[in-house]
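Biologist: Could you walk me through this one? I have a few questions.

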Amino acid sequence: MAEERVVVADLVWEPLAVPLHTPFAIFRETTERTMNFWVRVRLSDGTEGWGEAAPSPALMGETTATTEAALQAARHHLIGQPARWRPLTQFLAETLSASRTARAAIEVALLDALAKRHGVPLWQWLGGATDVLETDVTIPILPLDQAKTFAAEFAAKGFRKFKLKLAGEPTEDEARIVGVHETVPPASLQLDANQAYTPTGAWQLLRRLEQRGIIPTLFEQPVPKDDWDGMRWLKERSFVPICADEMVMTAADALRVAKEGIAHAINIKLAKSGIAESLRIAAIAQAAHLQLMMGAMVETELGLTAAAHLAAGLGGFAFVDLDTHLFLAHSPFLAGFDQSGALLRLRQAAGLDVRLASNSDPNCLGSSLVRT
């Protein structure tokens, strides 16, 4: 079949509700079960690609209801459209402005299908810079003793980088940071406040840690996402690299960060930006000599594999945070990478190479599969 005649034949989805064995608690949001969607695009030649939509009410203002509404609208617009991912991405951005995570999932699914058609791993399609990534592991907001136990267990598995979620309570946060540092002293520590601090509060926390001889490798989104002046104030004074996350959704946001000197680094997430926009954000960051981080929402192996393919394809990511599959009690998916401790190795198979597990729990998948 000629390339220009391949069209989108169908778009289907179903709820993806996977329980977590450890609640993923961050500032103002705790996830005990994913409330995501498994999104599938089928092309007219029968090739199928997968993506994952992961709405976050607290971080992105998107819910399962708004995401499913966007998927419904997208299905109406997409069927019959030529299967060319950049034009379709632009088309979705213009017609579905309300849901970034739905658009991102569709874009990933389309790229997965196209890469499969050409017999190419998606990480090679996107540049092929490397096939190995080292991820950190996130320590959610936990009581002190549990946080220390969590860190010790993952250090024993070979993890060398730990990201601590902060609650915005300076005394409690400092105690957990110190406790984890003492538990895994050779490890590097990153902080992620998810907007929990004021600029001065974040600065005071860093100074107290410095007095204890603790210098984190990164401080992610310490202040509210609309406090650009506060972020810049902190960045200009901080001896720890400051990373923008929730305040960077688009390439225009990244350009503002670069032009105004808002942060030292930018966290790219597919659920926020999709692949095409993430490529533009990465190009701006690299041109401005900003460090890059690849992150994710609370996603299964499906969403994390897509992020890993982008990070490996582009290369140059100083920080990789692709670990939420480690919190799942069970999952219907097998990742499109092989994992040994903290190392993720992308395979040579076409597309994402994510598969259904042979022992998939049907309770993870909802019954509202949309069909023609």
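Predicted model: local features only at pLDDT ≥ 70, side-chain atom pairs only at ≥ 80, totals over all residues.

Biologist: Which residue just after α11 takes a positive phi?

Modeller: Residues are numbered from 1 along each chain as its sequence is written, and side-chain values use heavy atoms, with hydrogens and water left out. Helices (H or I, at least four residues) and strands (E, at least two) are DSSP runs, numbered from the N terminus. With a phi of about 60°, the one you want is His289.

Biologist: Where does α11 bend, and by how much?

Modeller: Helix α11 covers residues 270–287 and spans only 20 Å between its end C-alpha atoms, whereas a straight helix of 18 residues would span 26 Å. That expected span is 1.5 Å times one less than the number of residues. A bend is the angle between axes fitted to the seven residues ending at a residue and the seven starting there. For α11 this happens at Ala276, by about 85°.

Biologist: Is Pro55 buried or exposed?

Modeller: Pro55 is in the loop between β5 and α1. Buried means under 20% relative accessible area, exposed over 50%, partly exposed in between (1.4 Å probe, protein chains only). At 14% relative accessibility, Pro55 is buried.

Biologist: In β17, what is the bridge partner of Ser340?

Modeller: β16 and β17 run antiparallel, joined by 4 bridges; strands pair if DSSP finds at least two bridges between them. The partner of Ser340 is Leu343.
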